[in-house]
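Please study the sequence and the three-dimensional structure shown below, and then work through the exercises in order.

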Amino acid sequence: MIKFDLLILGDSGWGDELLFATVITILVSLSAMGLGIFIAIFTTWAKISGGIILKLISNFYTTVIRGIPELLVIYLIFFGGSAGIMYVAKIFGYNGYIELHAFTMGTISIGIISACYSSEVFRGAYNIIDKGQAEAAKSLGLSKIKIFIKVLAPQILRHALPGLGNVWQITLKDTALISVTGLVEIMRQTKVAANTTHSPFTFYLAAAILYLILTTFSSKIFNKLEDSSNKGIITT
Amino acid sequence: MDIELIITNFLIVFNGIDETIILVLLSLSLGFFISIFFALARISSIKLLSESIYYYIFVIRGTPLLVQIYLIYFGLGSLKPIRESFLWIVLKEPFWCGVIALVLNTVAYTTEIIRGGIQSVSKGQIESCKSLGMTRFTMYYKIILPVAFRQAFPAYGNEMILMVKATSLVSLTTYMEITGLARNIMSKTFAPVEAFIAAGSIYLFLNFLIVQFIKFLEWKYNPHLRLK
């Protein structure tokens, strides 16, 4: 049932291709997570201290993206990403043809999805922090930026870490969907291998195991990070 | 943006709403029913039972749903023993493969939700059940499970929304529901934004209904929390 000889490294097996695809999956997940956190910082800021319009926009963004299937968002970027970028470029006076690389499209679409979850996590973490802390920092004469960097951000990060761990798992699993754009990550590579060798069961099982290894391994890392960020703090 | 195109797209995409709703209802109801037993098994003192449920949840939650769907639809379908057995009647249909994958998936998440609900039932309630001389079955059926479900409503609402979104993946096994139809439009018209708005608004509406439904359930089963 399972053809192990197809999974060995080297020319006769698909092992090395699968390993390379795993690296791509990790890279896409990392960059999408990074982009997501970057966007989430802005949307969280807009939700907490932005004006009414900014609040509306960021709430609309997180509600809509979280209520729509990820696959639909990916199709939107996949079929419309290049056209959208060219449209924006035209406003700035550039009329050439721009084509987005599959890796970029994958990062953008997963990043947009991941940002919604991250921003909810950040908002929750911000709400936990005692309001007195910011007031105390203000009364000490710290500037707004200093208050954020020195007092609030480290605590937000500590409270957000468990939630971010969940977002990372979601992001990692969502990258399987960008195989539809043709980026050769685990899912795409196993599909190609399954179709060429006519043994889908072997390869999809291998993909499942690869994802399981990645999620297990990364949850271990997040547990370590949580432990080290809670040093000196009594947790119940 | 072309409003007329959005409306024509909407009418096309709307044909897929039956397929999506059937998938959601079938897998949610089957999944919920199985999850009750799985949750009871997960907290049982029989180690083999609770540990096997734990590993099942671990595997399902650690792998993408897409892999599970492909493994069932393409993977199992390619095995000779299965092709020759009675299972083939079910596994050759993309619809049933989708249902099986979605049920497997939702059971893993719902089991944990219900387990959390059961474990949040206060000790005093269980003790008073016992002091009243209730049998184990009556205690679970009349007291623990209803209270556990009430606790679990908000989390289960999230799971329902995730399931509505998850049905879109079944479109990758040639089953034509909302997302599948939207993809067809996108690749034909090259106007992705209009198709996205048409399909997305249906999903948003479905999820809006679920949120209202959960709010109603919470209101109905928490009469002691209502404002007088």
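The model is predicted: local features need pLDDT of at least 70, side-chain atom pairs count only at pLDDT 80 or more, and totals for chains, interfaces and linings use all residues. Residues are numbered from 1 along each chain as its sequence is written, while chains are lettered from A and ligands numbered from 1 in the order in which they are written.

**Exercise 1.** State how many helices and strands chain A has.

*Solution.* Helices (H or I, at least four residues) and strands (E, at least two) are DSSP runs, numbered from the N terminus. On this basis chain A has eight helices and zero strands.

**Exercise 2.** Determine how helix α3 of chain A is oriented relative to helix α10 of chain B.

*Solution.* Step one concerns the geometry. Axes are lines fitted to C-alpha atoms, for helices over the stretch in contact, and angles run from 0 to 180 degrees between N-to-C directions. Helix α3(A), residues 70-91, and helix α10(B), residues 178-189, pack at an angle of about 5°, and their axes are 11 Å apart. Therefore α3(A) is roughly parallel to α10(B), since angles under 35 degrees count as roughly parallel, over 145 as roughly antiparallel, 65 to 115 as roughly perpendicular and the rest as oblique.

Step two concerns the residues. Two residues are in contact if their C-beta atoms, placed from the backbone, lie within 7 Å. Among the residues that meet here are Leu72(A) and Tyr75(A) from α3(A), and Ala182(B) and Met186(B) from α10(B).

**Exercise 3.** Determine how α3(A) is oriented relative to α11(B).

*Solution.* The two helices pack at an angle of about 170°, with axes 9 Å apart. That angle makes α3(A) roughly antiparallel to α11(B). The residues that meet include Phe79(A) in α3(A) and Phe196(B) in α11(B). By class, this contact has eight nonpolar, two polar and no charged residues; Ala, Val, Leu, Ile, Met, Phe, Trp, Tyr, Cys and Pro count as nonpolar, Asp, Glu, Lys and Arg as charged, and the others, Gly among them, as polar.

**Exercise 4.** Describe the side of chain B that touches chain A.

*Solution.* The contact takes 30 residues from chain B and 28 from chain A. On the chain B side, α11(B) gives the largest share, eight residues. The residues of this side divide into 19 nonpolar, nine polar and two charged.

**Exercise 5.** Which residues does Ala182(B) touch, not counting residues up to four places away in sequence?

*Solution.* In chain A, Ala182(B) touches Leu72(A) and Tyr75(A). In chain B, it touches Val13(B), Ala195(B), Ala198(B) and Ala199(B).
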